Amino acid sequence: MDFAEAKQHKERGMSVKDVLENALKESSETESIVIVRKMKNDDVPTSFSWESSLEALGMLEIAKADIVGYMAE
């Protein structure tokens with residue numbers, strides 16, 4: 001584990017690598033995925049694999065609601 005990863009793990013509870021590794025472990029059960037990343041240069045690329053664009057938008061709304069819920073805790 002490098003310094004940046006250790007810092008993320010300590011401050012956030014999980015590092016970026018932890019999140020990706022957990023998603024990969026469940027990939028055989030995953031039907032659709034939407035990824036939004038913030039790069040060090042502040043670019044925000046997206047990646048996706050979905051059945052429909054409405055499904056992807058719904059997945060993003062669920063993520064938004066989850067994040068708002070975490071903020072309220």
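Is Thr-30 buried, partly exposed or exposed? Thr-30 has a relative accessible area of 39%. Buried means under 20% and exposed means over 50%, so Thr-30 counts as partly exposed. Keep in mind that this is a predicted model.

Now step back to the whole chain. The chain has 73 residues, and 8% of them count as buried. Its accessible surface comes to about 6,500 Å². Carbon and sulfur atoms account for 58% of that surface. The chain holds 3 helices and 2 strands. Along the sequence they follow the pattern α-α-β-β-α. Take the contacts between residues at least 6 apart in sequence: 15% of these join residues at least 24 apart.

Return to Thr-30 and find its place. Thr-30 sits in the loop between α2, residues 16-25, and β1, residues 33-36. Its side chain reaches the backbone oxygen of Glu-26. The distance is 2.8 Å.

Ser-32 belongs to the loop between α2 and β1 as well. Is Ser-32 buried or exposed? The relative accessible area of Ser-32 is 13%. The cut-off for buried is under 20%, so Ser-32 is buried. What does Ser-32 touch, beyond residues up to four places away in sequence? Its contacts there are Ser-49, Trp-50, Glu-51, Glu-55 and Met-59. With Glu-55 there is also a polar contact, side chain to side chain, at 2.7 Å.

Ser-49 lies in strand β2, which covers residues 46-49. Its relative accessibility is 42%. That value falls between the cut-offs of 20% and 50%, so Ser-49 counts as partly exposed. Leave aside its neighbours within four places in sequence, and Ser-49 is in contact with Glu-31, Ser-32 and Ile-33. Ile-35 gives another distance to check. Ser-49 and Ile-35 are 14 residues apart in sequence. In space, their C-alpha atoms are 9.1 Å apart.

Next, look at the loop between β1 and β2. Asp-42 is found there. Its relative accessibility is 51%. Exposed means over 50%, so Asp-42 counts as exposed. Which residue forms a salt bridge with Asp-42? The partner is Lys-38, and the closest N and O atoms are 3.1 Å apart. Lys-38 is exposed too. The structure holds 1 salt bridge.

Phi of Asp-42 is near 75°, a positive value in a residue other than glycine. Most residues other than glycine have a negative phi.

Finish with the surface. Which residues make the nonpolar patch? They are Val-36, Val-44, Leu-54, Leu-57 and Leu-60. Together they make a patch of about 500 Å². Helix α3, residues 53-72, gives the largest share of the patch, with 3 residues. Val-36, another member of the patch, is placed in strand β1.

Start with Ser-32, which is buried and has its polar contact with Glu-55. Then find Asp-42, with its salt bridge to Lys-38 and its positive phi. End at the nonpolar patch, where helix α3 supplies the largest share.

Definitions and conventions
Residues numbered from 1 in each chain as written. Predicted model: local features only at pLDDT ≥ 70, side-chain atom pairs only at ≥ 80, totals over all residues. Heavy atoms only, no water. Helix = DSSP H or I, 4+ residues; strand = E, 2+ residues; numbered from the N terminus. Buried < 20%, exposed > 50% of the residue type's maximum accessible area, 1.4 Å probe, protein only. Contact = heavy atoms within 4.5 Å. Areas by Shrake-Rupley, 256 points an atom, 1.4 Å probe, with all protein chains shown as cover. Polar contact = N/O pair within 3.5 Å; in protein donor to acceptor, adjacent residues only side chain to side chain. Patch = residues over 30% accessible without salt bridge, like charges linked within 9 Å, V, L, I, M, F, W, Y side chains within 5 Å. Salt bridge = Lys/Arg side-chain N within 4 Å of Asp/Glu carboxyl O.
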